[in-house]
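Please open the model in your viewer and keep the sequence panel beside it. The tour below moves from one selection to the next and says what is there at each stop.

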Amino acid sequence: LKPIFKIPFMNNSRTTFIKRSTLALAGSSLLSRLSFANTNVKDNELVGIQLYSVRDDMGKDPLGTLKQLAAMGYKHVEHANYKDRKFYGYTPTEFKKILNDLGMKMASGHTVLGSQHWDTAKKEFTDLWKYTVEDAATMGQLYVISPSLNESYRKDKDGLLRFMEVFNKSGELCKKSGMKFGYHNHDFEFSENLGGEMHYEIMMKNTEEKLVVQQFIIGKFYK
């Protein structure tokens with residue numbers, strides 16, 4: 001099994017996207033209507049393996065799994081395991097060295113931005129999120145991606161709107177370290193709505209396109 005990920009990001013035409021993103025759009029029909037940004041990174045540098053796809057193997061033997069992936073020819077990875085300031089049990093410095101020794105890089109990573117990362121009273125990020133961004137920068141990431149949205153924000157439009165401001169602030173924080181903050185969608189953003197608006201429409205309208213990018217995963221699986 002060779003799961004592949006590619007990280008496309010939309011261009012500045014958010015209004016066009018919102019108009020085209022109706023409930024009738026799904027899968028390839030949605031992707032066919034999207035236009036993607038021309039980033040400073042070469043296209044082949046955005047193609048690699050999403051480690052979530054091999055999460056069981058990474059959980060049992062991260063080093064051995066990475067060695068096998070490197071032997072297959074993969075040069076880039078996207079993490080999906082960051083806990084207690086460690087990636088798959090390794091500190092950022094240790095994990096970066098492992099990847100470097102294998103000729104690999106980590107351009108992106110998935111860490112869910114949640115309520116525990118934002119202090120509503122102080123109106124600032126908690127150390128948990130500050131460390132997340134700091135460690136991502138140490139790894140040399142280009143993107144810090146939040147791959148989901150807490151269910152509580154999916155039931156309350158006002159709460160979702162307030163949290164989109166946190167998204168914008170995360171974009172500002174990541175920008176200071178030369179990275180971009182983004183969101184990775186699933187299906188519920190298009191199938192659920194609040195006040196007659198799709199979740200994704202609300203999110204797109206209330207985040208700054210220069211601060212919050214949108215990640216779409218195109219997954220292909222080969223036996």
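## A tour by selection

Begin just after helix 5, where Gly103 takes a positive phi of about 75°; helices (H or I, at least four residues) and strands (E, at least two) are DSSP runs, numbered from the N terminus. Before going further, note that this is a predicted model, in which local features need pLDDT of at least 70 and side-chain atom pairs count only at pLDDT 80 or more, while totals for chains, interfaces and linings use all residues. Residues are numbered from 1 along each chain as its sequence is written, and side-chain values use heavy atoms, with hydrogens and water left out.

Now colour by pLDDT, the predictor's confidence in each residue, from 0 to 100. The chain averages a pLDDT of 83, and 76% of the residues score at least 70. Over residues 1-8 the pLDDT is below 50, although this stretch has 47 contacts in the model beyond near neighbours in sequence, a contact meaning heavy atoms within 4.5 Å. Residues 218-223 also stay under 50, and for them the model has 15 contacts beyond four places in sequence.

Return to helix 5 and select Pro92, Phe95, Ile98 and Leu99, which are buried, that is, under 20% relative accessible area, with exposed meaning over 50% and partly exposed in between (1.4 Å probe, protein chains only). Seen down the axis of helix 5, its buried residues fall within an arc of 130°, so they line one face of the helix; the arc is that of the directions from the helix axis to the C-beta atoms. On the other side of helix 5, Thr93, Lys97 and Asp101 are exposed. The partners against which the buried residues of helix 5 pack include helix 4, strand 3 (76-79) and strand 6 (105-110).

Select helix 4 (residues 62-72) next, in which Pro62, Gly64, Thr65, Leu66 and Leu69 are buried. Their cover includes strand 2 (47-50), helix 3 (55-60) and helix 5 (92-101). Just after helix 4, Gly73 takes a positive phi of about 110°.

Move on to strand 10 (180-184). Four of the five residues of strand 10 are buried, so it is largely enclosed by the rest of the structure. Strand 10 pairs in the parallel sense over four bridges with strand 9 (residues 143-146), and also in the parallel sense over four bridges with strand 13; two strands pair if DSSP finds at least two bridges between them. Strand 9, helix 7 and strand 10 make a right-handed β-α-β unit: with the strands pointing away from the viewer, the path from the first strand over the helix to the second runs clockwise.

Which residues touch the most other members of the largest nonpolar core? Of its 29 residues, they are Leu113, Leu149, Leu160, Phe163, Phe167 and Phe181; such a core is a set of buried Ala, Val, Leu, Ile, Met, Phe, Trp, Tyr and Cys residues joined through side-chain atoms within 4.5 Å. Helix 7 gives the most to this core, with six residues. Centre on Phe163, which touches Leu113, Gly114, Leu149 and Tyr153, not counting residues up to four places away in sequence. A second, separate core of 17 residues includes Met58, Leu66, Met106 and Met139.

Finish at Glu197 in strand 12 (residues 197-198), which counts as buried at 17% relative accessibility.
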